[in-house]
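Please read it alongside the sequence.

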Amino acid sequence: MTEKIRLEDLKEFKIERKVFDDRTLFAIYKLMTKGFIKSVESEMKEGKESLILSAKNKDGNWLALKVYRVEYCDFKSMWKYLVGDSRFLHVKKNRRAIVLNWCKREFKNLRIAFDAGVNCPEPIAFYENVLVMSFIGEGGELSPRLIDVDLENPQDAYDLILEDYEKMLKAGLIHTDLSAFNILIWDKPYFIDFSQAVPVKHQLAKEFLMRDLKNLNNYFNRLRVKIIDKEQLFKKFVVWLE
């Protein structure tokens, strides 16, 4: 784990990572003053459009912070998902507005999934482009992704993932980008990256559902798991879209 990052160090950190502009610094500060964050600990994962940091709350419990890169997000792709979501009909079509609503959207989608019993991070708070979530892992070490592990029992993992996917559909949500890259493996599989998830009434819902099922089956088929044909799964799950 890298050296602890103090709030006063973030201005220097932004020069290297081009993430922590003044508004992002203020967002982290606000989450601290509201009591959601006590300290920012280290960088865990760097992506093109976001950065994942570890943090702690006042009780010393680990948290995950997802910081969206305002200047580097693919706001045109984000807009495509937002315009089909009735919850976000009045978003201004500019980069910052889209990114801030993308963060808000992930918080709302995580809340729906978590409350439905889906294994995923618990959303705790958000402010502007910073999302606070429960930590999936131990001792500040983030759990590995499904793509990065050799499963002891891939059949159990496959079955649990399908159970969680149906729970998510019953709650009115489609992930749209579920794959071995967006599932963490700890004591069980955990779904992550919900920012692009859409309501089941989205105009492209059936297309998104089939894509998720195809991704899962293709991956687990390579592990010689007894998979359910994607057409059968689609027939079983599509009822939640009607």
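Which residues are linked with Lys66 in a network of salt bridges? In this predicted model, the network joins Lys66, Glu106 and Asp193. A search of the whole structure finds 8 salt bridges.

**The salt-bridge network**
- Glu106 and Lys66 form a salt bridge through their side chains, at 3.0 Å from N to O. This pair links distant parts of the chain, with Glu106 in helix H4 (residues 95-115) and Lys66 in strand S3 (residues 62-68), 40 residues apart.
- Lys66 also bridges to Asp193, with the closest N and O atoms 3.1 Å apart. Here strand S3 is connected to the loop between strand S10 (189-191) and strand S11 (198-199), and the two residues are 127 residues apart.
- Lys66 counts as buried because its relative accessibility is 5%; Glu106 is buried as well, whereas Asp193 is partly exposed at 22%.

- Lys167 pairs with Asp164 at 3.7 Å between the closest N and O atoms; both residues lie in helix H5, 3 residues apart, or about one turn of the helix.
- Lys167 is partly exposed, at 34% relative accessible area, while Asp164 is buried at 3%.

**Packing around H5**
- H5 (residues 154-170) packs against H7 (residues 230-237) at about 35°, with axes 11 Å apart, in a right-handed crossing. The H5 side of this contact includes Tyr158 and Leu162, and the H7 side includes Leu233 and Phe237. The contact residues comprise 6 nonpolar, no polar and 2 charged.
- H5 and H6 (residues 205-222) pack at about 170°, their axes 11 Å apart, and are therefore roughly antiparallel. Among the residues that meet are Ile161 and Leu169 in H5 and Leu216 and Phe220 in H6. This contact divides into 10 nonpolar, 1 polar and 1 charged residue.

Note on methods. Residues are numbered from 1 along each chain as its sequence is written. This is a predicted model: local features need pLDDT of at least 70, side-chain atom pairs count only at pLDDT 80 or more; totals for chains, interfaces and linings use all residues. Side-chain values use heavy atoms; hydrogens and water are left out. Axes are lines fitted to C-alpha atoms, for helices over the stretch in contact, and angles run from 0 to 180 degrees between N-to-C directions. Helices (H or I, at least four residues) and strands (E, at least two) are DSSP runs, numbered from the N terminus. A crossing is left-handed if the near helix is turned anticlockwise from the far one by less than a right angle, and right-handed if clockwise. Contact means heavy atoms within 4.5 Å. Ala, Val, Leu, Ile, Met, Phe, Trp, Tyr, Cys and Pro count as nonpolar, Asp, Glu, Lys and Arg as charged, and the others, Gly among them, as polar. Angles under 35 degrees count as roughly parallel, over 145 as roughly antiparallel, 65 to 115 as roughly perpendicular and the rest as oblique. A salt bridge is a side-chain nitrogen of Lys or Arg within 4 Å of a carboxyl oxygen of Asp or Glu. Buried means under 20% relative accessible area, exposed over 50%, partly exposed in between (1.4 Å probe, protein chains only).
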